[in-house]
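Work through these exercises with the structure open beside you. Try each task before reading its solution.

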Amino acid sequence: MKKIQSLFLTAIVVVSCSTTDNAPIDREALVTRNNIKVDKLDPLTSVSVGNGRFAFTVDATGLQTFPDLYDPGVPLGTCSEWGWNSFANPKNLRHDETLAPYDFRGRPELYATIDRNNPRNVEAYEWYRINPHRMHLGFFGLELTDGSGNPAAPEALTGISQTTDLWNGVVNSAFTFNGSPVEVQTACCPVTDMVGTKVKGAKLNLRFAYPSGGHSDNATDWNQPDKHSTAIVEKGDDFAVFERKLGQTIYYVKIQWTGAAALTEKHKHYFVLTPASDEISVSCLYSQDRPDGAPLPAFDNVAEAAAACWNGFWQSGGAVDFSQCTDPRASELERRVVLSQYLTRLQNAQSIPPAESGLTYNTWYGRPHLEMHWWHGVHFPLWGRADLLERSLPWYENVAFAHSKEIAERQGFDGVRWMKMTDNLANEAPSNVGSFLIWQQPHIIYFAELMYRHNPSLEVLEKYKHVVMETAKFMASFPTYEEMEIRYILQGYIPAQETLRATEVINSPFELSYWHYALGVAQEWRVRLGMGREPKWDDIIDKLSPLAVQDGKYLASEDAIDTYTNVRFTTDHPIVLGSMGMLPQNKLMHPEIMKNTFAWIWDNWNWGRTWGWDFPMTAMCAARLNMPDKAVGALLMDKRTNTYLVNGHNYQDDRLRIYLPGNGGILTAVAMMCAGWDGSEGINPGFPKDGTWNVKWEGLSPMP
């Protein structure tokens, strides 16, 4: 365990940059005053422990005791970056059967979409969207039963008191059941996919289900007991190893306990661990490979390693303290910031781009969406934790590159075209929307530039050179040159504001701005590497179409002349604000026109039909436009999709109960509002200067 601890004890020296007080932030006080406290079994208040690649979500008992109760809320997931399953494909459906030709540029381009007139295409479309899907690895809970041996009703629990100790990464739970006290502590190992627990006053159970393959659920189907198997393949006095088989998928679960206990099979896929004394410590490891014979660390060792990891996390990188602010909203903003750091660290520090609901439950079958990687990951380097974003960046080169090269080639483009919806192995998921999105394309260039800003070295340039150049090659081959107009246009795609149509859209403002920014960065990389500027890229940068304007405001796209009268164009993401929020100002835009656009959007947008990251994006635009009151107001706007639950999760609706891009977005916006951006001036440029927002921070970096 000393080796495990040593990985997390090294703290990074950070630079204090407060408003008026240069004393270091009391980080432990900052974190612990925002500990999550739960006093009832509420489906929206589950909490998680995790290490970035594996997460274990528990109810108010401290374990996964009432999964059915929490299923419609924030489900009790046990998920890892490696835990994927595919259903059988008896019809031998092929991915190429999802392809259909579209003509946007005078040639056929093949896109993975659905054709309702082609039954075989429809079947292939559905199969390749669902498979592979992320698996739930198994429920580990308390065995609480009534007098007849049936599962106890939630109402049988009283006196519930649960605290998530953020500083040490442990969940402490207590309640009374049948007149007797029960206490549970839960922690996750920082280096292996293992959870440890110490339980006083209760038995434990392990339950395993078949995957559901559902679009948005807890990946659990209890009605298919014969489609999978759970076998104890090794057993000793204090441990057992379970082998799980689901078609071609095999994985293992090992439990190890301290003291005398009896492990029995209650029924198929359901096991009960009964301790001989009132207290038991159990460690539970989930693994792709069969565990070796080495004993698992006991709970105290797991908790000690978790504490070392989380102490190191909070003591390094950035911190923002709102305790000196007098605005009554400040404490809520601080809570969201602290809990978002916790959630993104335990959910999103993977070796693959994370899914929109992380490792808690499946949305979009648990698949990553590459356009969301910006919101999942940009905040890490801004908060001095570039290594946590860097974990997922090699995936683009080592896993996704070949698939993305094939997409570009079949559509007649150069370089690589990054897909929207994918999986751990970078397979392309067909979609009538996702297949036409392009705003994920420049992200890897943005990420690479952040890595370089964090460590401006030849080593970083060489590491990402290939992926940056091949990404830029696609971007340079995508625009269409209009000789009569002497300009390049973007067409034949769906913008980030997905209510626009691929067959109509021309020159949406965010995509134009992102093309301008990313091609410019790619050119800078060529110069840094001594390669010289690419003339065609400069020609595109010079001749990209300006943003379309009508009545002093930017249009959703050049063809959308009814932008401000048609509700279709004032719903979904107000992504035009990202053109000067997520991205720096460029020559294509004018700040006064953006101010006019911002004012109209602020007053008239359909804010009830937005997404969680729209609010931090709006705040970032307001900050760059020198409207700090609006920046704070955007972060705390009282709208359903800007709701942050007791556990810190960004709630969207009944289907999407958590949305981690919102958490990442608030961290990105707050870092920018504190540390500024290239060319910004003054202290805390994104916060009001009226004295109510005396925000203190350290260890943050400015945005481009």
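**Exercise 1. Cysteines**

Does Cys309 count as buried or exposed, and at what relative accessibility? Then decide how many disulfides there are.

Solution. Keep in mind that this is a predicted model.

- Step 1. Cys309 has 6% relative accessibility. Buried means under 20%, so Cys309 counts as buried.
- Step 2. Look for a partner. The closest cysteine sulfur to that of Cys309 belongs to Cys188, 8.8 Å away. A disulfide needs the two sulfur atoms within 2.5 Å, so this pair is too far for a bond.
- Step 3. Repeat for Cys325. Its closest cysteine sulfur is in Cys674, at 9.0 Å, which is also too far for a bond. Cys325 counts as buried, at 12% relative accessibility.
- Step 4. By this rule the count is zero disulfides.

**Exercise 2. Helix 10 and helix 12**

Describe how helix 10 packs with helix 12.

Solution. 

- Step 1. Locate them. Helix 10 covers residues 394-410, and helix 12 covers residues 458-477.
- Step 2. Take the geometry. The axes lie 12 Å apart, at an angle of about 20 degrees.
- Step 3. Name the arrangement. Angles under 35 degrees count as roughly parallel, so helix 10 and helix 12 are roughly parallel to each other. Their crossing is left-handed.
- Step 4. List the contact. Helix 10 brings Tyr396, Glu397, Phe401, Lys405 and Ala408; helix 12 brings His466, Val467, Glu470 and Phe474. Sorted by class, the contact of helix 10 with helix 12 has five nonpolar, one polar and three charged residues.
- Step 5. Now pick out Ser404, in helix 10. Ser404 counts as buried, at 0% relative accessibility. Leaving out residues up to four places away in sequence, Ser404 touches Val416, Arg417, Trp418 and Met419.

**Exercise 3. Helix 13 and helix 14**

Find the arrangement of helix 13 and helix 14 from their crossing angle.

Solution. 

- Step 1. The axes of helix 13 and helix 14 (residues 535-543) come within 10 Å and cross at roughly 150 degrees.
- Step 2. Over 145 degrees counts as roughly antiparallel, so that is how helix 13 and helix 14 run. The crossing of helix 13 and helix 14 is left-handed.
- Step 3. From helix 13, His516, Leu519, Gly520, Ala522, Gln523 and Arg526 take part; they meet Trp537, Asp538, Ile540 and Ile541 of helix 14. By class, the contact of helix 13 with helix 14 has five nonpolar, three polar and two charged residues.

**Exercise 4. Backbone details**

Which peptide bond is cis, with omega near -5 degrees?

Solution. 

- Step 1. That bond runs from Asn131 to Pro132.
- Step 2. Pro132 lies in the loop between helix 4 (119-130) and strand 8 (133-134).

Key: Residues numbered from 1 in each chain as written. Predicted model: local features only at pLDDT ≥ 70, side-chain atom pairs only at ≥ 80, totals over all residues. Heavy atoms only, no water. Axes fitted to C-alpha atoms, helices over the stretch in contact; angles between N-to-C directions. Helix = DSSP H or I, 4+ residues; strand = E, 2+ residues; numbered from the N terminus. Parallel < 35°, antiparallel > 145°, perpendicular 65-115°, else oblique. Left-handed = near helix turned anticlockwise from the far one by under 90°. Contact = heavy atoms within 4.5 Å. Nonpolar A, V, L, I, M, F, W, Y, C, P; charged D, E, K, R; others polar. Buried < 20%, exposed > 50% of the residue type's maximum accessible area, 1.4 Å probe, protein only.
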